Amino acid sequence: MKLASLKHGRDGKLVVVSRDLSKMVIAGYIAPTLQIAIDDWDAKAPALKLLYDQLNAGEIEGEAFEEAKCASPLPRAYQWADGSAYVNHVELVRKARNAEMPDSFWHDPLMYQGGSDTFLGPKEDIVFPTTDGWGVDFEAEIAVITDDVPLGVSASDAASHIKLLMLVNDVSLRGLIPGELAKGFGFFQSKPSSAFSPVCVTPDELGDAWSDNKVHLPIISHYNGAVFGKPEAGIDMTFDFATLVAHAAKTRPLGAGAVVGSGTISNKLDGGPGKPVSDGGVGYSCIAEIRMIETIQNGSPLTNFMQFGDTIKIEMFDGDGQSIFGSIDQAVKQG
């Protein structure tokens with residue numbers, strides 16, 4: 001099943017979207033918003049699935065689906081917790097500054113609590129007053145949406161609480177991160193509003209690509225129109241989504257509609273750092289990673305962070321080349 005939220009008020013208007021993303025039907029008589037649907041998922045999901053099947057079968061005509069009219073599936077959420085499941089990415093960050101990585105990073109996930117009150121729509125500009133010294137970066141990720149998750153849930157039980165998946169651009173201000181981390185309280189100003197794909201999907205929509213609580217497909221990033229990254233999301237993912245959800249719920253329950261992210265998707269190459277797409281590699285899901293590798297190899301980074309006018313597009317395709325979630329497509333603008 002595929003769902004989206006049209007821009008409408010603070011929490012959007014829930015629509016069911018056809019598998020090929022061409023049609024939609026408003027689902028307000030079942031649930032006016034996705035948050036209301038996920039609050040009572042066991043009761044609402046069967047009716048939404050019936051509507052989805054009817055739309056795909058042509059039993060309902062529907063109307064044209066336009067990604068540009070979408071907010072993020074949850075325009076705001078009660079919880080946004082982003083992990084760092086691809087430890088390769090963390091290892092490169094630390095290596096670039098000659099820091100050892102603690103062994104605990106391989107068995108205890110990193111996670112931060114992000115701002116969830118102002119998610120950006122998938123086609124909304126990333127607006128800042130300046131880029132000078134801020135180090136504007138994108139991060140291509142996958143996220144899950146849960147129903148109510150009990151405190152202390154095990155990883156094996158957490159899997160059943162994963163109800164929907166979507167893509168994320170976790171916008172990061174790399175120039176502000178070191179100063180914030182040095183204070184010992186973690187991210188805040190350095191993690192502005194994130195953007196999510198137009199569509200979220202139930203795990204069964206991925207077929208065999210959803211296995212072991214991971215998505216086994218490449219995530220494609222186009223930076224300024226050129227392919228920047230196409231790493232496989234199911235490779236080098238140290239912590240699967242069930243483990244991340246269980247980690248988030250270790251000391252607190254998670255309310256329905258909690259969003260848990262994977263962190264930047266990152267692949268190794270022959271046991272070492274990856275290569276740019278232009279050099280035969282799978283590239284990267286953020287600028288920071290290529291800058292880390294440039295620093296390791298050359299002593300200093302060569303690639304600049306995002307400037308006004310730069311664009312980022314993030315998408316994922318199935319085995320037939322069909323876009324699964326629609327695309328996040330944003331530009332950095334001054335404002």
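## Salt bridges, a buried helix and a sheet

K69 is partly exposed, with 48% relative accessible area. Here buried means under 20% relative accessible area, exposed means over 50%, and partly exposed is anything in between (1.4 Å probe, protein chains only). Residues are numbered from 1 along each chain as its sequence is written, and side-chain values use heavy atoms, with hydrogens and water left out. Keep in mind that this is a predicted model: local features need pLDDT of at least 70 and side-chain atom pairs count only at pLDDT 80 or more, while totals for chains, interfaces and linings use all residues.

**Charged pairs**

The partner of K69 is E66: the two form a salt bridge, with the closest N and O atoms 3.3 Å apart. A salt bridge here is a side-chain nitrogen of Lys or Arg within 4 Å of a carboxyl oxygen of Asp or Glu. Searching the whole structure turns up 12 of them.

Another one joins the side chains of K333 and D125 at 3.5 Å, N to O. K333 sits in strand β21 and D125 in the loop between β7 and β8, so this pair ties together parts that are 208 residues apart in sequence. Strands (E, at least two residues) and helices (H or I, at least four) are DSSP runs, numbered from the N terminus.

E315 and K313 also make a salt bridge, their closest N and O atoms being 4.0 Å apart. Then there's a network: D137, E139, D170, R174 and K191 are joined by salt bridges that share partners.

Here is how some of the paired residues sit:

| Residue | Relative accessible area | Class |
|---|---|---|
| E66 | 40% | partly exposed |
| K333 | 38% | partly exposed |
| D125 | 32% | partly exposed |
| E315 | 11% | buried |
| K313 | 30% | partly exposed |

**The sheet**

Back to β21. This strand (residues 328-334) pairs with β8 in the parallel sense over 3 bridges, and I126 stands opposite V332 in β21. Strands count as paired if DSSP finds at least two bridges between them. Both belong to an open sheet of 5 strands, ordered β8-β21-β20-β17-β18, with mixed pairing. At the edges are β8 (126-128) and β18 (226-229), each pairing on one side only. From one strand to the next, the twist averages 25°, using axes fitted as lines to C-alpha atoms and angles that run from 0 to 180 degrees between N-to-C directions.

Helix α6 (residues 241-248) has 6 of its 8 residues buried, so the rest of the structure largely encloses it. Those residues are F241, A242, L244, V245, A246 and A248. They pack against several elements, including β10 (140-146), β11 (162-169) and α4 (155-158). At the N-terminal end, D240 caps α6, with a side-chain oxygen 3.1 Å from the backbone nitrogen of A242.

The largest nonpolar core has 72 residues, and I142 and M316 touch the most other members. Its largest share, 6 residues, comes from α6. Such a core is a set of buried Ala, Val, Leu, Ile, Met, Phe, Trp, Tyr and Cys residues joined through side-chain atoms within 4.5 Å. Leaving aside neighbours within four places in sequence, I142 is in contact (heavy atoms within 4.5 Å) with residues including F241, L165, V260 and M316. A separate core of 31 residues lies apart from this one, with L14, L48, Y112 and C200 among its members.

Terms used: Polar contact = N/O pair within 3.5 Å; in protein donor to acceptor, adjacent residues only side chain to side chain.
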